[in-house]
Amino acid sequence: MPKYTKNQSVDFKNAIERVAIVGAGGTIGSHIAKALLETGRHTVTALSRKGSSNRLPDGVIVAPVDYNDETTIVAALKGQQFLIITMAPTAPRDTHSKLVQAAAKAGIPYVMPNGYGIDIDDIKLGEDTMLGPVAKANRDEIARLGMQWITVCCGFWYEYSLAGGDARFGFDFDKRSLTIYDDGNTKISTSTLSQVGRAVAKVLSLNELPEDENDKSLTLSTFLNKGVYTKSFVVSQNDIFESVKRVTGTADADWTITHEDTRKRYQDGLAQVKVGNMAGFGKMLYARGFYPDASNDLTMKAQNELLELPEESLDESTEIGINLVKELQLRVERMSS
Ligand SMILES: NC(=O)c1ccc[n+]([C@@H]2O[C@H](COP(=O)([O-])OP(=O)(O)OC[C@H]3O[C@@H](n4cnc5c(N)ncnc54)[C@H](OP(=O)(O)O)[C@@H]3O)[C@@H](O)[C@H]2O)c1
């Protein structure tokens, strides 16, 4: 049954004001938390492990939690209207489920599950990258517990993937080397971290519900149990390389370039993962993402206009990515998985 404002109690306020977020000090979570705070419409509560050394953005309310003590999670989530989960891929597998179960007990109606990547409707891509079934199980659990979800489909994060080493966009800035997949001309959708942050903040700043059945305006409920699709750039590795050369003032001759077939690279990465070497995961994931079958081009689905997201500069984002290299190199365990 669709819900309308007209059917709500007199004290119903048609807005999402209280947002809880897991990972507010993390790669994507920090951008989402900052974008939410910038709207001035939300109080943002960061669920963070007791004793975590991650720095949280100024302005968030910190709620320390212990994932082995559900009462701490439920207490942190009581009274919140929306839970955003941005959890490290290295976190124990059952942590997402612990959060979702606690959210149901706390009475939270909406959850944004971990994901922030590939198109959830592309089942084959999801299966090939192993990400799809896990993300689907997370969404199904939310629904089973009587809550609704909104997930973000943004493609690879541009700056992060540029800075994150050879296994991702193929760049190693220390060695000035580049592995080009196939001919380097396959275009894929990418989103900057800040564009994802803006998109989430935009959706959560919409009215929660339409007034009545005649109200066709965009509301948060428009996105329930669906993906929010964003993009910043639809680019090939060759496009990115041109941008890197402009930003760094280098030329082809300054770079060591090798070529690799995406299908071979995918199989090599997969073989590593199968014997427990998670270093192969990124290799497998990005090689699959660059298959020349257009499966990672979200141009037709991106909702940038609907959400009034800004156009961004490729070279400025490339510069931000290059400045991120050293920071990501410090996260050895996280980046090698
Ligand atoms: N599209 C892309 O290119 C792309 C790239 C990478 C990741 N992703 C997706 O985005 C999600 C979030 O990734 P991220 O890089 O933003 O995460 P992250 O920065 O590595 O970690 C986010 C938060 O997870 C918490 N955490 C870390 N280790 C944990 C543990 N062992 N147990 C429980 N909590 C732990 C930490 O919060 P506290 O310390 O505050 O507790 C941390 O700040 C990933 O799972 C993945 O699905 C997408």
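This is a predicted model: local features need pLDDT of at least 70, side-chain atom pairs count only at pLDDT 80 or more; totals for chains, interfaces and linings use all residues.
Glutamate 308 sits in the loop between helix 10 (279-289) and helix 11 (314-329), and its phi is near 55°, a positive value in a residue other than glycine. Aspartate 182 also has a positive phi, near 50°, and is likewise a residue other than glycine. Its place is the loop that links strand 9 (177-181) to strand 10 (188-191). Because aspartate 182 has 18 C-beta neighbours inside 10 Å, it counts as partly exposed.

Next comes the chain as a whole. Twelve helices and 13 strands make up the secondary structure of the protein chain. Its radius of gyration is 20 Å, close to the 20 Å given by the globule rule for 337 residues, so the chain is as compact as a globular protein of that length. The C-alpha trace spans about 70 × 45 × 35 Å along its principal axes. Of the 337 residues, 42% count as buried. Among contacts between residues at least 6 apart in sequence, 74% join residues at least 24 apart.

Seven strands form an open sheet with parallel pairing, in the order 3-2-1-4-5-6-11. Strand 3 (61-65) and strand 11 (226-229) stand at the edges; each has a single partner strand, so one side of each is left without a neighbour in the sheet. On average, neighbouring strands of this sheet are turned by 25° against each other, direction ignored.

Strand 1 (residues 18-22) and strand 2 (residues 43-49) run parallel and are paired over five bridges, and arginine 18 has threonine 43 in strand 2 as its bridge partner. Further along the sheet, two bridges join strand 5 to strand 6, again in the parallel sense; here valine 111 is partnered by tryptophan 149 of strand 6. Strand 6 also pairs with strand 11, in parallel and over four bridges, with lysine 226 of strand 11 as the bridge partner of isoleucine 150. Five of the six residues of strand 6 are buried, so this strand is largely enclosed by the rest of the structure.

Helix 3 (residues 95-106) lies across strand 1, strand 4 (82-85) and strand 5 (110-112), and runs at about 180° to strand 4. Helix 7 packs on the sheet too, touching strand 1, strand 4, strand 6 (148-153) and strand 11, and its direction makes about 150° with that of strand 6.

Which residues have the most contacts inside the largest nonpolar core? They are Ile21, Val111 and Val200, in a core of 81 residues. Helix 7 (residues 193-204) gives the most to this core, with seven residues. The core draws at least three residues from each of two domains, domain 1 (15-154 + 192-229) and domain 2 (157-191 + 233-296 + 312-335). Leaving aside residues up to four places away in sequence, isoleucine 21 touches Gly29, Ile32, Ala33, Val44, Ala46, Ile84 and Thr86.

Technical notes: Residues are numbered from 1 along each chain as its sequence is written. A nonpolar core is a set of buried Ala, Val, Leu, Ile, Met, Phe, Trp, Tyr and Cys residues joined through C-beta atoms within 7 Å. A residue is buried if 20 or more other C-beta atoms lie within 10 Å of its own, exposed if 12 or fewer, and partly exposed in between; C-beta atoms are placed from the backbone. Domain bounds come from an automatic or database domain assignment. Two residues are in contact if their C-beta atoms, placed from the backbone, lie within 7 Å. Two strands pair if DSSP finds at least two bridges between them. Axes are lines fitted to C-alpha atoms, for helices over the stretch in contact, and angles run from 0 to 180 degrees between N-to-C directions. The radius of gyration is taken over C-alpha atoms; the globule rule is 2.2 Å times the number of residues to the power 0.38.
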